[in-house]
Amino acid sequence: MKAGRKNLKKAVEEDGLSLQQGQSIMQVVSLRGSNLIEVMDARSVKSLALFPAKFQKSFWIKTGSYVVVDDSGREKALESGIKIACVVSQVLFHEQVRALEKSSEWPTIFQTKVVDHSKNLLQPSSSEIDQILSSEDEDGLPPLEANLNRHSPLELYSDSDSDDS
């Protein structure tokens, strides 16, 4: 393993992350190619950022990820007509994002307001629980639960039609 990648991984494992002058936190909006990503800053301005080759086999990003970007020459690049305005200096992981959300450095536009509807979908109602408990078979085991990962197939022919003919 090359020393560059080893040092990259050591730098990521450090807990304390402080933004330096000219650095800002941005959210990945879209992936544009091998080393180009579109990012959005705290003012909702989108721009292209360069994802350096030293990160490519060590870190993977997807839409919605957060990165620390060196945007010190951003205005100058936009004025001169260069499309790539900034360079990614660090990829933020889940633990780092949670720690930064509590600090004052986190932009207010990126505050997560996640409403968890998945708990409501998986929780059976009290009447369903009563039915399950009252319908235990003679073997003492509760009935099998339906597989929620698969959709039930559409019934093309009903049993009542086949009985009449």
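Two strands count as paired here if DSSP finds at least two bridges between them. Keep that in mind; this is a predicted model.

Start with the barrel. Five strands close it, in the order β1-β2-β3-β5-β4. The pairing is mixed. From one strand to the next, the twist averages 55°.

Now one pair in detail. β1 covers residues 23-31, and β2 covers residues 36-40. They run antiparallel and share four bridges. Within this pair, glutamine 27 stands opposite methionine 40 of β2.

Next, the helix on the strands. α4, residues 94-102, lies across β1, β4 and β5. Its angle to β5 is about 100°. Which residues of α4 are buried? Gln96, Val97, Leu100 and Glu101. They span an arc of only 135° around the axis, so they sit on the same side of α4. The face turned away from that buried side carries His94, Glu95 and Lys102, which are exposed.

The largest nonpolar core has 14 residues. Which of them touch the most other members? Ile37, Val39, Ile61, Val67 and Val88. β1, β2, β4 and β5 each supply at least two residues of this core. The largest share comes from β5, with three residues.

Take isoleucine 37 on its own. Leaving out residues up to four places away in sequence, its contacts include Val28, Leu31, Leu48, Ile61 and Val88. Ser30, Arg32 and Ser47 are also among the residues Ile37 touches.

There is a second, separate core too, of nine residues. Among them are Tyr66, Leu100, Trp106 and Phe110.

How values were computed
Residues numbered from 1 in each chain as written. Predicted model: local features only at pLDDT ≥ 70, side-chain atom pairs only at ≥ 80, totals over all residues. Heavy atoms only, no water. Axes fitted to C-alpha atoms, helices over the stretch in contact; angles between N-to-C directions. Contact = heavy atoms within 4.5 Å. Buried < 20%, exposed > 50% of the residue type's maximum accessible area, 1.4 Å probe, protein only. Arc of directions from axis to C-beta. Core = buried A, V, L, I, M, F, W, Y, C linked by side-chain atoms within 4.5 Å.
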